[in-house]
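Colleague: Could you take one part of this model and describe it closely, giving the cut-offs behind each term as you go?

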Amino acid sequence: MKRIWVFVISFTLLLASCEEEKKDIATGDWLAKLEVSPTETLPFSFSISKGENESYIIEMYNAEEVILVEEIEVWNDSIHIKMPVFEGYLLGTFTEKEISGNFIKESLDRIVPFKAKFGKKDRFKVSSSAITNISGIWEVDFDVETENEYPAKGIFRQDGNDVEGTFRTKTGDYRYLEGIVTGDTLKLSTFDGAHAFLFIAKISDSTLQGNFYSGNHAVEKFVGKRNEAFELPDADSLTFLKEGYDRFYFSFPDETGKTVALSDSRFDNKVVLVQIMGTWCPNCLDETKFYIDFLDKNPDLNVEFVALAFEYAKTEEKSWEGIKRLKNKLGVDYPILLAQYGSSDKQKANEKLPMLNHVLSYPTTIYIGKQGNVEKIHTGFNGPATGEKHEAFKKEFKETIRKLNVQKTK
């Protein structure tokens with residue numbers, strides 16, 4: 001944490017030190033590279049434009065995803081780029097056509113160096129034609145040769161050298177991945193202010209083997225094979241009430257300090273969806289956007305949503321800042337309660353929710369019927385990057401809510 005504050009304090013002093021005229025940054029396309037290891041960099045593309053009052057606006061791109069970044073401070077030759085919703089930010093210095101600095105996540109004490117250059121450039125360099133087309137479904141195992149090995153489903157679309165897709169796991173997906181196949185090498189990356197993911201693998205027509213870099217703090221080996229029939233375990237079967245419990249319950253504070261509990265009268269005789277989440281979690285962000293849209297399009301349904309936030313921010317104050325930021329950015333009008341701060345550890349989350357067999361994933365949603373019974377628990381969230389799986393989830397969700405809504409009350 002000490003080295004992070006060195007960066008922050010230095011930047012603050014620089015802002016206050018002199019009255020020089022603000023320098024310009026070139027508008028147009030840029031390519032940035034995060035240094036995730038001594039030998040590998042994670043590329044992502046963005047564009048810079050100017051809005052009202054000559055303020056800078058950034059759009060970051062990951063395949064079909066466009067992330068709008070409007071909280072940008074520039075002074076002298078320094079720049080501070082705060083990502084929307086998430087805590088992470090980019091802090092650095094610039095010339096007209098270059099930016100260098102660090103991607104910082106204070107609560108996790110993580111710093112990843114980066115450099116960006118102006119001009120239209122490919123995300124990855126293609127050196128030769130692809131030896132195969134990886135389009136389709138792949139059965140993949142991550143963190144192989146360790147006790148933490150876990151399965152995933154690779155979903156890819158390839159056109160020439162260009163590849164888009166994602167990896168689905170039991171707990172969600174790795175969102176919008178973009179990259180190439182060059183010769184016998186697959187390269188994919190994404191950066192959204194929370195995720196900084198790079199995948200590099202050697203491929204044949206039917207196998208792949210490589211490394212998954214998460215920022216510069218973790219590297220996992222992964223292997224895969226073609227398998228169009230592969231499916232992950234049913235997301236509705238992974239989390240359930242432990243023996244001896246017949247109800248789900250919670251009691252946590254809202255942003256005013258008032259304790260909100262499932263036993264409150266506001267939830268009586270209503271369908272209640274309890275979302276276990278964190279403001280740091282991209283899959284939770286995708287799910288929250290979906291819930292907001294669903295509520296907006298279905299105002300006739302007698303449904304209450306409530307979120308339980310498990311925050312890794314080190315203080316209660318910082319946790320509430322993150323929650324309020326999420327609510328304001330997305331327009332969340334259902335309560336988000338602070339269930340835990342200082343850690344998003346799932347084992348500690350289980351201590352707060354002892355009736356569950358485990359908290360396997362952020363997000364997890366508990367569906368409670370009008371009579372107070374747990375009707376379903378859905379682990380993870382298949383976001384828009386999963387394509388057909390996301391569309392299937394939306395359809396199933398709508399059907400489930402309508403069925404629960406026609407239940408008789410107590």
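Modeller: The side chains of Asp-109 and Lys-314 meet in a salt bridge, with 3.8 Å from N to O, where a salt bridge is a side-chain nitrogen of Lys or Arg within 4 Å of a carboxyl oxygen of Asp or Glu. Between domain 1 and domain 3 the count is three salt bridges. The model is a predicted one, in which local features need pLDDT of at least 70 and side-chain atom pairs count only at pLDDT 80 or more, whereas totals for chains, interfaces and linings use all residues. Residues are numbered from 1 along each chain as its sequence is written, and side-chain values use heavy atoms, with hydrogens and water left out.

The chain is divided into domain 1 (28-118), domain 2 (136-226) and domain 3 (251-406), with bounds that come from an automatic or database domain assignment. Taken over C-alpha atoms, the centres of domain 1 and domain 3 are 30 Å apart, and 12 residues of domain 1 are in contact with 11 residues of domain 3, contact meaning heavy atoms within 4.5 Å. Domain 1 and domain 3 bury about 1000 Å² between them, 55% of it on carbon and sulfur atoms; buried area is the accessible area (1.4 Å probe) that two parts lose on being put together, summed over both. Of the area that domain 1 buries against domain 3, Val-85, Phe-86 and Ser-107 supply 60%, more than any other three residues.

By class, the side of domain 1 that touches domain 3 has five nonpolar, one polar and six charged residues, where Ala, Val, Leu, Ile, Met, Phe, Trp, Tyr, Cys and Pro count as nonpolar, Asp, Glu, Lys and Arg as charged, and the others, Gly among them, as polar.
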